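Student: I would like to go through this entry term by term and hear what each label rests on.
Tutor: Then let us look at it together and set each value against its rule.

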Amino acid sequence: MAWTAPMTFVAGDIITASQLNTHLRDNLNETAVAKATTAGRIFVASGNNAVAQRAIASSFTAGSINITGTSYGSSGPTVTVTTGTRALVFYGCHMRHNTANNAPLMSVSVSGATTIAADDDWCLLSDGKPASQPIKAMAAHLFKTLNAGSNTFNMQYRVAAGDADFERRELVVIAL
Amino acid sequence: MAWTTPMTFTGGSVLTSAQLNTHLRDNLLESEVAKADILGSLIVATGTNSLVERQIVKATINTGIDTTATSFTSEDGPEVSLETGTRALCLFGVWGANSVANTWLQASVAVTGASSITSDADLNEFAVEIDGNTADNPHRFGQVHLFTTLTAGLNTFEMQYRTQANTATFYRRELVVIGL
């Protein structure tokens, strides 16, 4: 049942079962404590007088991959969570290009309820370095146009030319 | 008192004080508004029908430190301590440079107290790493890490540092921890 604005009680009136069910039972069932199921979950507004439990999830892959593709390819890690229309995503890795002054790039795509291709607009990249000299850093992006539901966030990689290595790859998603 | 699934009231029944105490008083005392105490804190689930208030804490040190340590070493922090469940979201950043070109330096976060996450292998996984620079030329980078295997309780998060070789300098060190 949805939330109902709590009634104002008047001295002398009889409280009915229907009123208690609406204003006590049903409203309590809309609170965060009623919706809590899993340790570590947070609560966000899902609309007027409505809250939802949301997850903060992560995935880490230690191993190294070598990328030669110039378009974003799917190589993980991935995180799947239930979201509203927004999610705050952090993603990073240790990356190096094997040719001087060439850029390795990493971004995030979304699939499932929503389809958003990985894009340079929110990529992490490093350029202008000597061959095989790495950085390890992270980028963040707020996705604001998701379709509510189960969404999968996937780290993807590309190069402009040549080849690059990516390792110790971590993806953190705060579902909103 | 713990949460009790709100009862369904039936017309003609007598409403007792015990019912109001259980289903109204005690349940309201388990709600987020009853748990809220500190401005800016988060309310998180600790399990089924159970909430707790968690803090977001920060420590910043803008002065520089030098280290020649090749294993992660405790310098002067920054450091924060807070109550957590089994998870915490950690955000940290640092400005760093090495005295010799193309020599890496790392900053990471160790956890002590209720938990122990202190080995070089563990901290290496989510460290900020700066490499491939001209000598004494810095970068300032950040990192985010979700700790998922903490022991619930009072945990201390401390930035630690190491270098591949030579002398690494770290400035403008910031650590933010969100207890979950």
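Tutor: The structure holds 11 salt bridges over all chains. This is a predicted model, in which local features need pLDDT of at least 70 and side-chain atom pairs count only at pLDDT 80 or more, while totals for chains, interfaces and linings use all residues. Residues are numbered from 1 along each chain as its sequence is written, chains are lettered from A and ligands numbered from 1 in the order in which they are written, and side-chain values use heavy atoms, with hydrogens and water left out.

Student: Why is the pair Arg96(A) and Asp165(A) called a salt bridge?
Tutor: The rule asks for a side-chain nitrogen of Lys or Arg within 4 Å of a carboxyl oxygen of Asp or Glu. The closest N and O atoms of Arg96(A) and Asp165(A) are 3.7 Å apart, so the pair meets the rule. Arg96(A) lies in strand β6 of chain A and Asp165(A) in strand β11 (residues 164-175) of chain A, 69 residues apart, and the pair thus links distant parts of the chain; strands here are DSSP runs of E with at least two residues, helices are runs of H or I with at least four, and both are numbered from the N terminus.

Student: What makes Glu129(B) and Arg168(A) a salt bridge?
Tutor: Their side chains meet at 3.4 Å, N to O, and the rule finds 1 salt bridge across the interface of chain B and chain A.

Student: How do you know how many residues each chain brings to the contact?
Tutor: Contact means heavy atoms within 4.5 Å, and the contact takes 47 residues from chain B and 38 residues from chain A. The two chains bury about 3,400 Å² between them, 62% of it on carbon and sulfur atoms, where buried area is the accessible area (1.4 Å probe) that two parts lose on being put together, summed over both. Phe9(B), Glu125(B) and Glu129(B) supply 17% of the area that chain B buries against chain A, more than any other three residues.

Student: What makes the lining of the largest pocket nonpolar, polar or charged by class?
Tutor: Ala, Val, Leu, Ile, Met, Phe, Trp, Tyr, Cys and Pro count as nonpolar, Asp, Glu, Lys and Arg as charged, and the others, Gly among them, as polar. By that division the lining has 12 nonpolar, 3 polar and no charged residues. Of its 15 residues, Pro6(A), Phe9(A), His23(A), Leu24(A) and Leu24(B) lie nearest the pocket's centre, and α1(A) gives the most to the lining, with 5 residues.

Student: Which residues does the cis peptide bond join?
Tutor: The bond joins Gly77(B) and Pro78(B), with omega about 5°, and Pro78(B) is found in strand β5 (residues 73-84) of chain B.

Notes: 1 Å grid on protein atoms, 1.4 Å probe; cavity = no way out; pocket = protein on both sides within 12 Å on 5 of 7 lines; lining within 4 Å.
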